[in-house]
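Subject: Structure handover

Hello,

Here is the structure you asked to look at. Please open it beside this email and follow along.

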Amino acid sequence: TMCVVQGNYRSSIWVLPQGSAARAQQITNGRDEGIFGLAWTPDGKIVYRASVSGSPDLWMVDRDGKNQKQLTADAAFDASPVVSPDGKFILFVTDRTGTPNIWKMESDGSKPRQLTYGGEDYSPDISPDGKWFVYASWAKGPEFIMKMSVEGGELLQMSESNGYNPVISPDGKLVAYVHQDEQTRKYQIEVVQAQ
């Protein structure tokens with residue numbers, strides 16, 4: 001005899017005009033929409049991860065829920081979309097080569113291209129000028145913060161030890177990330193120069 005527990009959850013995307021919960025509008029109605037990342041485009045669309053097609057892909061939708069469009073279509077886990085400041089391209093995490101890495105595609109989902117080749121790469125964030133990005137990588141051990149051009153190429157290590165979820169400041173001069181102290185196991189925010 002075998003006993004199995006299965007868990008199902010549902011999530012959908014809501015928009016709160018001017019932060020008002022009273023005016024909240026549900027714009028999607030799927031199974032797991034937005035859980036593994038969502039991002040606004042400069043023209044007010046939303047890019048998000050969902051399993052509408054049966055696999056975890058990236059989608060785009062207008063702020064009113066219309067014109068839903070699938071951007072990726074593969075059996076891989078696609079997540080964590082980040083839209084460039086000019087809206088021309090999207091960085092995202094995918095394991096389509098077997099290991100999670102950062103990929104780049106045009107905002108319509110065309111021309112997907114692998115940028116990183118680390119052990120495991122997560123949490124991209126694009127600079128305000130759209131020329132470089134940071135991300136968390138396991139390429140050198142437990143998650144270091146790395147920096148790279150959006151065209152690919154040379155890597156620059158930003159953190160001295162483990163770091164998660166990097167975010168670039170609005171002026172592009174600083175990078176903040178979450179760091180876990182190896183002795184106390186407590187989490188704290190670290191800030192470094194973007195260089």
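Below is what was found, taken one topic at a time.

A word of caution to start. The model is predicted.

What holds paired strands together? Strands of a sheet pair through backbone hydrogen bonds, either parallel or antiparallel.

Strand 8 covers residues 89-94, and strand 9 covers residues 101-106. The two pair in the antiparallel sense over 6 bridges.

Take the pairs in turn. Strand 15 and strand 16 (residues 174-180) run antiparallel and are joined by 3 bridges. Ile-168 stands opposite Val-175 in strand 16. Strand 16 and strand 17 also run antiparallel, with 7 bridges between them. Here His-179 has Gln-188 in strand 17 as its bridge partner.

Strand 16 and strand 17 form a hairpin, with 6 residues between them. Look for Arg-185 in the turn. Its phi is positive, at about 65°.

**Salt bridges**

How many salt bridges does the structure hold? There are 6.

One joins Asp-62 and Lys-45. Their closest N and O atoms are 2.6 Å apart. Asp-62 lies in the loop between strand 5 (57-61) and strand 6, while Lys-45 lies in the loop between strand 3 and strand 4 (46-50). The pair therefore ties together parts that are 17 residues apart in sequence. Is Asp-62 buried or exposed? Asp-62 is buried, because its relative accessible area is 14% and the cut-off for buried is under 20%. Lys-45 is at 25%, so it counts as partly exposed.

Another joins Asp-78 and Arg-96. Their side chains meet at 3.2 Å, N to O. Asp-78 is in strand 7 and Arg-96 is in the loop between strand 8 and strand 9, so this pair ties together parts 18 residues apart in sequence. Asp-78 is buried, with a relative accessible area of 0%. Arg-96 is partly exposed, at 29%. This pair also belongs to a network of salt bridges: Asp-74, Asp-78 and Arg-96 are linked in it.

Then there is the salt bridge of Lys-104 and Glu-151. Their side chains meet at 3.1 Å, N to O. Lys-104 lies in strand 9. Glu-151 lies in the loop between strand 13 (144-149) and strand 14 (156-157). The pair ties together parts that are 47 residues apart in sequence. Lys-104 counts as buried, at 10% relative accessibility.

**A loop glycine**

Next, find Gly-30. Where is it? It sits in the loop between strand 2 (25-26) and strand 3 (38-40). Gly-30 counts as buried, because its relative accessibility is 13%. Leave aside its neighbours within four places in sequence. Gly-30 is then in contact with Arg-10 and Ser-11. Check Ser-51 too. It is 21 residues from Gly-30 along the chain, yet their C-alpha atoms are separated by 7.8 Å.

**A nonpolar patch**

Last, turn to the surface. Which residues form a nonpolar patch there? They are Ile-35, Phe-36 and Phe-77. Together they have about 240 Å² of accessible area. Phe-77 is in the loop between strand 6 (69-70) and strand 7 (78-83). At 31% relative accessibility, Phe-77 counts as partly exposed.

Best wishes

Technical notes. Residues are numbered from 1 along each chain as its sequence is written. This is a predicted model: local features need pLDDT of at least 70, side-chain atom pairs count only at pLDDT 80 or more; totals for chains, interfaces and linings use all residues. Side-chain values use heavy atoms; hydrogens and water are left out. Patches are made of residues with over 30% relative accessible area and no salt bridge: like charges are joined within 9 Å, nonpolar side chains (Val, Leu, Ile, Met, Phe, Trp, Tyr) within 5 Å. Accessible areas come from the Shrake-Rupley method with a 1.4 Å probe; for residues, only the protein chains shown count as cover. A salt bridge is a side-chain nitrogen of Lys or Arg within 4 Å of a carboxyl oxygen of Asp or Glu. Helices (H or I, at least four residues) and strands (E, at least two) are DSSP runs, numbered from the N terminus. Buried means under 20% relative accessible area, exposed over 50%, partly exposed in between (1.4 Å probe, protein chains only). Two strands pair if DSSP finds at least two bridges between them. Contact means heavy atoms within 4.5 Å.
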